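Hi everyone, thanks for coming along.

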Amino acid sequence: MSVISPTMRRRFRPDARIATIAEAILIPVGALIVAALVFSVFLLVLGKDPVRFFGLVWTGGAASAFSLQNTLQRAAPLILTGLAFAVPARIGLTLLGAEGALVLGGFTAAVTAIPMIQAGWSPWIGLPLVAGIAMSVGGVWVGLAGWLRHYRGVNETISSLLLTYIAIAIMNFLVEGVFRDPGSTNKASTMPLSADWRIGDIPGTSVHWGLVAGLILAALLWILMERTTFGFSARIAGGNLRAAQAQGLPVGRLAIASCAIAGACAGLAGFFEVVAVHGQANASLAAKYGFTGILVAFLARQNTLAVVPVACLFGALAASGGLVQRRMDMPDATMLVLQGIIFVTLLVSETFYGRLPFFRTSQSGDRT
Amino acid sequence: MTATQAPSLRTFHMSKAFGQLQALDDISLDVAAGSFHALLGENGAGKSTLVKCIMGFYQADAGQVMFNGHEAKVRSPRDAHALGIGMVYQHFTLVPCLTAAENLVIARADTPMVINWKTERKRLDAFMETMPFQVRLDALVSTLSAGEKQKLEILKLLYLNQRFLILDEPTSVLTPSEADEVLGVLRDMAHRNDVTVLMISHKFREVKTFCDSFTVLRRGKCAGTGDARTASIAELSHMMIGDAGLRPPATRTAAPKSAPALHLNNLSARDVEGRHVVSNVTLTVPAGQIVGIAGVSGNGQSALIEVLSGQRALESGHITVGDAAFSPTRRNFDRFKVFGLPEEPLRNAVVPRMTVAENIAFRSFDKSPLANRLGILSPARIRKRGAELINKFNVHTSSPDAPIETLSGGNVQRAVLARELSGAVDVLIVANPCFGLDFASVADIRGKIMESRNKGAAVLLVSEDLDEIFELADQIAVMSEGQITYLAATADTDTMQVGQHIAGHGK
């Protein structure tokens, strides 16, 4: 029913976009605040001081140059795995495959670099090649989940999660078998990369170049999703599959392509873990960055630019974990509890979009 | 179960506002015991709001309900059921995979943890003996026809001893003969003082034939009330739409035969369970003509539209436009100038959370000038073009940037029209374009469809509204159980003949 008078009819309200953006910022922030309150109750029950806890998170995550660098160091892979969840989510796919693509990407980076080092290749040629291989392997691995979804109707959430466990098992199998460095006695690992094949830190910091790669990819993927026909098609398919079909859009190809992009991001994260952090591939590659990335993307509302600050927030939580553990005498799992609470409040907050009265953009809804 | 007396119901000065919208404004309704009362009005006039207030889904801001002469406080549908007020909704609320008997038993508020089917069955049989019509109790609901399902919905209310029946457009899913049967039974029961019926409708014929009295709502206000048997259709429609008068039907002009025709050759398609929902459909839609497909929903019309628009795989057969083979891809939609107005636009045509301007750009976002050759979009141009078409097609929206889900149904459909009909159209595929829309929108939309036809487009129209088909179509086909069972020029047929084929009684 429309009760708009003819004189009002053409006066467009300019604030519709602002209301949408405000909603997209305020609701996740509200969810974070609620999560912090719930977690404070948890701390009080344990007899710990919440104020001290959040103070320590600040000290350990952001207060000094050292802690800030520590935060950014951990944020780098989270940006990439956050992107790996966010891009397919825009087309309506819930993929839990980033961890697997990260592990396989890192592993292939480690094992393909060795023969290049032995053949005496320059790292300037070899490293980009290795990065490309890692991204391709990750892309194919997660793309497989998209392919299964489109051609065989297999639920992509389940298949990508199971593919993650397969990927970890494959890496462990090969690292402990044919690719094991005989010198790695404590922990089965591949051959370590030589020093000139290790990617160093950004000059003047202790943060590796993976952060820059993450920032560039976040910006590129934002342009891809918001400013190209590919992204527009993906948003149509993600918002209403039947409408996308009726527009003749190639929904299958779009889905597989966004899965492959996701896998490539995670594979690149694996590449940086190997060439910048570990220097070799071993079981520590499976450090759950892929799963934390899901949380990052959720809090960023699938916006690839927003993934960056959110990844830094989670990086800070991770960076301050050790400090909290030592100063407050709390177990390592404390941070996981906080992450879990954030995830639950975020899921609940999803139901508030479009329902808060002050964000309503129109009164001309039809109520009959 | 003892039959109680039919109750009476009155509302006094009911008002209800949603934000700035006054949905109900001082409505007083008087339904006498044992009467069949019609509640008339355009979409958005407040009919549904009024019955939802009576049923306790909404709380009225002001006013009161008197039930059988006593003031009734209805705070929830549960309270309404306890009083004996029951409602039949526009769409079925039966569980399809259970039998009719099981549906009746689970509807009881006091269904026991363990159901003793022997005693339940005895009670049901005894109950059915007192009823004027029967439904096969052991049949699965999914195997019942629409008419039987509607009867079962009514039986369900009577089984729960609800004697004040509210029916929300109960005949929209029925064939004309099924509708007449159900309404006739209800009228007889009311006149025997078994029940009181309040029926929401916008079909004048049904109101004139079956109802005793009526109330008309217009824009939330009471626009008139009286005796349904003596009121003329002109009076009723004047009360419903006010001084605007009846809209003239869309004018038909001889069309140039320049565009190619749409041919469907032996099309077949299956549903997810592998059943044939479209079987061997062959139909030609000539340029400059509207071919209307009539039928009760669920007989394959939607599936046929889905096949043509790429939402359902074609199993066999082929589609041609002119002489060229056609498959529903984006390139072909553009090459053959094929456009569509699917049914339920929020489900089939738009992305609810994207903006109005973006939704209007769905056909053109990947072409110049909205995108360059590298595939980079221009949001400013999308917005500008959206604003132009919003003005041209008279879409009421607060902004081109408002999510399209905030628009009313008629305006969503206008936005889809703006997208699909702003350029040259050779083939137009339309399904139930006016379902649930108000008079003004209906006139607009039918006018635009006719305009496309007059410009030479081949138009395939699927509709459950026979009046719409007779108004628009040059040829009428009937689809039943996935097949075309009847085809005739509109001039050579009438509602009776088409109705018989719809009901499956064709020669």
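Let me start with a definition: helices (H or I, at least four residues) and strands (E, at least two) are DSSP runs, numbered from the N terminus. Axes are lines fitted to C-alpha atoms, for helices over the stretch in contact, and angles run from 0 to 180 degrees between N-to-C directions.

Some housekeeping. This is a predicted model, where local features need pLDDT of at least 70 and side-chain atom pairs count only at pLDDT 80 or more, while totals for chains, interfaces and linings use all residues. Residues are numbered from 1 along each chain as its sequence is written, with chains lettered from A and ligands numbered from 1 in the order in which they are written.

Now, how do H3(A) and H7(A) pack? In chain A, helix H3 (residues 65-90) and helix H7 (residues 210-227) meet at an angle of about 20°, and their axes are 8 Å apart. That makes the two, H3(A) and H7(A), roughly parallel (angles under 35 degrees count as roughly parallel, over 145 as roughly antiparallel, 65 to 115 as roughly perpendicular and the rest as oblique). Residues contributed by H3(A) include A:Leu72, A:Ala76 and A:Leu83, and among those from H7(A) are A:Gly214, A:Leu217 and A:Met225; contact here means C-beta atoms, placed from the backbone, within 7 Å. By class, the contact of H3(A) with H7(A) has 13 nonpolar, two polar and one charged residues. Here Ala, Val, Leu, Ile, Met, Phe, Trp, Tyr, Cys and Pro count as nonpolar, Asp, Glu, Lys and Arg as charged, and the others, Gly among them, as polar.

On to confidence, where pLDDT is the predictor's confidence in each residue, from 0 to 100. Chain A has a mean pLDDT of 86, with 92% of its residues at 70 or more. Residues 1-11 of chain A stay under 50, and the model has 14 contacts for them beyond four places in sequence. Residues 361-368 of chain A are also below 50. For chain B the mean is 86, and 95% of its residues reach 70 or more. The predictor gives the complex an ipTM of 0.79 and a pTM of 0.76.

Finally, two backbone details in chain B. The peptide bond from B:Ser368 to B:Pro369 is cis, with omega near 5°, and B:Pro369 sits in the loop between helix H12 (356-360) and helix H13 (379-392). B:Asn394 has a positive phi, near 60°, and lies in the loop between H13 and helix H14 (409-420) of chain B.

Technical notes:
Two residues are in contact if their C-beta atoms, placed from the backbone, lie within 7 Å.
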